[in-house]
Amino acid sequence: MTVYPIMLNVKEMVCLIVGGGRVAERKASHLLEAGADVLLISPELSSGLNELVNKGRIRLERRKYEEGDIRRFEPLLVFAATNEPRVNQAVIEEARQAGKLVNAADNPDAGSFCVPAVLKRGKLAIAVSTGGAGPAAAARIKRELAGMYGPEYETYLDFLGQFRKWLRERIPSSEERHELLKIVQSWPLHSVIVNGRFDSWVQGFYRHLDEGISGENLDQYAAATGIQSFIGSCRTDSCHTKEHG
């Protein structure tokens, strides 16, 4: 399957899952994490799905899929996730006729999209897909990436987002903001986070910038706090490998 990778905002959008087993449970859990309005059609449910229904987190039509369901509910996404190939195929055909994006759990090539393995670290999301050729390989690559991009990246990206907002409130020029943000993004701050010194480093960082916002001032703070010594070496791939084992 040749795919076009995108990140979808499904918040409060109806996403329909036909099926009630473990595969459907995984789909529902990931959709809920993204804020989707999950609707399930199935006469039987896994224990996990049953719990989600009882908590009111997903809506349920406790019955078998019927032709016309997709047109009736008008979902953004459709997931065919039953253990009956005939039913899955019927769901796929109706979804395609209705112009809806559909995922086929048992036959990726029959659907219009596949769901990648995703590594999340706060705002960071790294998606890995083999186009349905090797889900186990995608899972292995995800595990390897988890060793390269640890929990410190959540703190790192939160800081970058806050700093970007801080700059917008103080500097009218988008070009100047871009250059200042570019300087800070070149620093290997994950090393400071891993070493447990980041909170005090950030406090000193903003105090220093209160004296004046400029590229020169940023470089001075980097040098004063020892960040500067890492910059040259950590712009290479080999340094990244050393940092993350």
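**Close-ups of a predicted model**

**View 1. Glutamate 74 is partly exposed, with a relative accessible area of 48%.** Keep in mind that this is a predicted model. Look for glutamate 74 in the loop between α3 (69–73) and β4. Most residues other than glycine have a negative phi.

**View 2. Glutamate 12 also has a positive phi, here about 65°, although it is not a glycine.** You'll find glutamate 12 in the segment before β1 (14–18). Is glutamate 12 buried or exposed? With 64% relative accessibility, glutamate 12 counts as exposed, because the cut-off for that word is over 50%.

**View 3. The largest pocket holds about 1700 Å³ of space.** A total of 42 residues line the largest pocket, and Cys114, Val115, Pro116, Ala117 and Val118 lie nearest its centre. Several elements give two or more residues to this lining, among them β4 (77–80), β6 (117–121) and α5 (135–148). Which element gives the largest share of the lining? That's α1, with six residues. Sorted by class, the lining has 28 nonpolar, nine polar and five charged residues. Domain 1 (14–115) and domain 2 (116–149) each supply at least three residues to the lining of the largest pocket.

**View 4. The second largest pocket has a volume of about 400 Å³.** Here the lining is made of 21 residues, and Gly19, Pro43, Thr82, Asn83 and Glu84 are the ones nearest the centre. Helix α4 (residues 85–97) gives the most, with three residues. How do the lining residues of the second largest pocket divide by class? Nine are nonpolar, six polar and six charged.

**View 5. Helix α6 (residues 152–168) has 17 residues and spans 25 Å from its first C-alpha to its last.** That reach is close to the 24 Å expected at 1.5 Å a residue. Now check which residues of α6 are tucked away: Glu152, Tyr153, Tyr156, Phe159, Leu160, Phe163, Trp166 and Leu167 are buried. They cover an arc of only 140° around the axis, so they sit on the same side of α6. An α-helix has 3.6 residues a turn, so residues three or four places apart point the same way.

**View 6. The protein chain is divided into domain 1 (14–115), domain 2 (116–149) and domain 3 (152–229).** How far apart are the C-alpha centres of domain 1 and domain 3? They lie 44 Å apart.

Technical notes:
Residues numbered from 1 in each chain as written. Predicted model: local features only at pLDDT ≥ 70, side-chain atom pairs only at ≥ 80, totals over all residues. Heavy atoms only, no water. 1 Å grid on protein atoms, 1.4 Å probe; cavity = no way out; pocket = protein on both sides within 12 Å on 5 of 7 lines; lining within 4 Å. Points joined across faces, edges and corners; volume = space filled by probe spheres on them. Helix = DSSP H or I, 4+ residues; strand = E, 2+ residues; numbered from the N terminus. Nonpolar A, V, L, I, M, F, W, Y, C, P; charged D, E, K, R; others polar. Domains from an automatic or database assignment. Expected span 1.5 Å × (residues − 1). Buried < 20%, exposed > 50% of the residue type's maximum accessible area, 1.4 Å probe, protein only. Arc of directions from axis to C-beta.
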